[in-house]
Amino acid sequence: MSAIPVLDVQGLKTHFFTKTGVVKAVDGVSFTLMPGETLGIVGESGSGKSMTALSLMQLVPQPAGRIVAGKILFQGEDLVHKTQSEMQDIRGRDICMILQDPMTSLNPLFTIGSQVLETVRQRQGGRRSGLMDRAIELLQKVKIPSPEIRMTNYPHQMSGGMRQRVVGSIAIAGSPKVLIADEATTSLDATIQYQYLALLKELQAETGMAIIFITHDFGIVAKMCDRVAVMYAGRVAEIADVRDLFNNPAHPYTEALMRSVPNVDEEVEYLYAIEGQPPALDSLPPGCTFAPRCPYVFDRCNEEFPDLINVGEGHSATCWKLAK
Amino acid sequence: MTMTTTLEDSNQTVIQLDNCQKYFPVTKGLIIQSSIGQVKAVDGVSLQIREGQTYGLVGESGCGKTTTAKMVLQIESPTGGLISFNGKNIADFNAADRRQYRSSVQAVFQDPWSSLNPRMKVGSIILEPLLANQSMNKHDARETLLRLLREVGLHDYQADYYPHEFSGGQRQRIAIARALSLQPKVIVLDEPVSALDVSIRAQIMNLLKEIQNRYGVSYLLIAHNLATVRYMSNYVGVMYLGKIVEEGPTRDLFTNPMHPYTKALISASLPAHPDIQREDLLLSGEVPSPLDPPTGCAFHPRCPMVLDRCSRDDPALQKLAPGHRVSCHLY
């Protein structure tokens, strides 16, 4: 693995300016992504994980949302200052995204074939020859049986798993450096999700792309990721290598969240439940955003937001407990 | 847990399904309709919901678990087989019995955004089933309402709020309070936590367990997440294409799964720790269309251990251990 990260995000802040106040959807997120690495971004709804992904793609809903601070260095270039047309080239070619619901990412009025071909045509520039072969090759890569016939199908004629494969084939058409999977398998059934995750791993091994998994499911993190960032109320609560995170979670939120998830492999009589609910992003508590729900809370937590404190190699968390 | 396993057989059966079927006709033509086939959504399901226990039904989408729940709720009536409640066939019910059945069997649905009327205050939502079924003076109604609110962990003053003022977890609490208002014997839980945030799920699952311990209510839990089912249920049935392929006491089923489909489901479930390595049972293909199910065992086209006879004979459910039944030619 080379030492230059393919993606280096520093202090990213994406805020929404609404009539009722500023919503800090992403509020100081930093992480790096190495080529071929798989990073998981876990969090609950409203934790800012999807908005982080959209910020990377420069697709923050305008005009309410804006990236107000931070850098997104993709292979050394800052994406925040790119123009729309420059971003258009990067999006889809270098950084791709697979979204949760394949029915909304595919156009229901066009055949699968024409949608894959459209992407292939764009990626190949002016060349007109071999488009069909390339499209079929892509569909074969995502293991769609009899792709020649499937090309003539409309999205509604395919199952959810197959549709998500088509979206996958469009995403890898330009051999991206970074693939962002935003809850990409949430709508799939268990055995189909398993197939899809295996497929993504295979494609990653083949192309060496880096993957960012945006998910709420620690299971996906455990199965797929090398590194994990746990997000809470717009900030990274903890970031670590996957084994470090599961073996010694440093942030009370990570720890509590892991204890509150039921386990297939173990019999549990009573699950630990985190009291309360995530804070509203337009009225965050003054100190640590997790303080109102934290079992270890002390004075300092209610006064200022904790710094990112190092607890091990590549493992840090924002919690005052660690500074004691 | 040991206590519940010994209770398993002594607990009385509240609802029993015997070889229940639900076939939906598939029709063609707009004015002159002709039947061109049928979808066997549920094809011969037998199960028992015992007093104070939870029966979990797992399976992928389209396997018929929700249709089974709808038959229990009497939203759909079975096209074959029978359902009995406290030993009495519900097809023979008179109007009074039916009324009583409907108040004894309640439901909590997946999506608390669509299961609560946005124009009604929480207090009226919770009391509606009660006032529809029995006459009650204002004072008693208010008392009951406050008791139910506290029961599910909400505050008294929240009775006058509208559903939109609550978060998803709180809405699910309201739905649970409404289901409890008639002191039901059975509550059908259709994916009760899958729409909720991770940190809220444990709260709701624990609340449901506490309520069960306190009132001895039985649950029919429909879920696709194996971990949820394992945590909540005493007894688990695994469904595939309208049939129960394996059924057993929870611990038995998870530690000693027999049917290749159950094994595949467990192997496909996501691990709780990166060091957990599972037997790799990658199923090829997808669930076939119930319009045109495979011959023989419905699972045979995807089964990694398929035998010759699997494509010809449909295996019957056979008992392999106490309470543990499997339909597979391997045994």
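Axes are lines fitted to C-alpha atoms, for helices over the stretch in contact, and the angles between their N-to-C directions run from 0 to 180 degrees. The model is predicted: local features need pLDDT of at least 70, side-chain atom pairs count only at pLDDT 80 or more, and totals for chains, interfaces and linings use all residues. Residues are numbered from 1 along each chain as its sequence is written, while chains are lettered from A and ligands numbered from 1 in the order in which they are written.

**Exercise 1. Describe how α4(A) and α7(A) pack.**

Step 1. Helices are DSSP runs of H or I with at least four residues, strands are runs of E with at least two, and both are numbered from the N terminus. Find α4 at residues 112-123 and α7 at residues 160-171 of chain A.

Step 2. The two axes come within 9 Å and cross at roughly 20°. Angles under 35 degrees count as roughly parallel, over 145 as roughly antiparallel, 65 to 115 as roughly perpendicular and the rest as oblique. α4(A) and α7(A) are therefore roughly parallel to each other.

Step 3. Two residues are in contact if their C-beta atoms, placed from the backbone, lie within 7 Å. From α4(A) come Ile112(A), Gln115(A), Val116(A) and Thr119(A), which meet Val166(A), Ser169(A) and Ile170(A) of α7(A). Sorted by class, this contact has four nonpolar, three polar and no charged residues. Here Ala, Val, Leu, Ile, Met, Phe, Trp, Tyr, Cys and Pro count as nonpolar, Asp, Glu, Lys and Arg as charged, and the others, Gly among them, as polar.

**Exercise 2. Which helix of chain B supplies the largest share of the side that touches chain A?**

Step 1. Chain B gives 35 residues to the contact and chain A gives 37.

Step 2. In chain B, α7 (198-215), α8 (226-232), α9 (250-255) and α10 (260-268) each supply at least two residues of this side. The largest share, seven residues, comes from α7(B).

Step 3. By class, the chain B side has 20 nonpolar, ten polar and five charged residues.

**Exercise 3. Examine the backbone at Ala233(A), Leu241(B) and Pro63(A).**

Step 1. Most residues other than glycine have a negative phi, and most peptide bonds are trans.

Step 2. Ala233(A) has a positive phi of about 45° and sits in the loop between β9 (227-232) and β10 (235-241) of chain A. Ala233(A) has 23 other C-beta atoms within 10 Å and is buried (20 or more such atoms within 10 Å, placed from the backbone; 12 or fewer is exposed, in between is partly exposed).

Step 3. Leu241(B) also has a positive phi, near 45°, and is in the loop between β9 (235-240) and β10 (243-249) of chain B. With 24 C-beta neighbours inside 10 Å, Leu241(B) is buried.

Step 4. The bond from Gln62(A) to Pro63(A) is cis, with omega near 0°. Pro63(A) lies in the loop between α1 (49-56) and β4 (65-74) of chain A.
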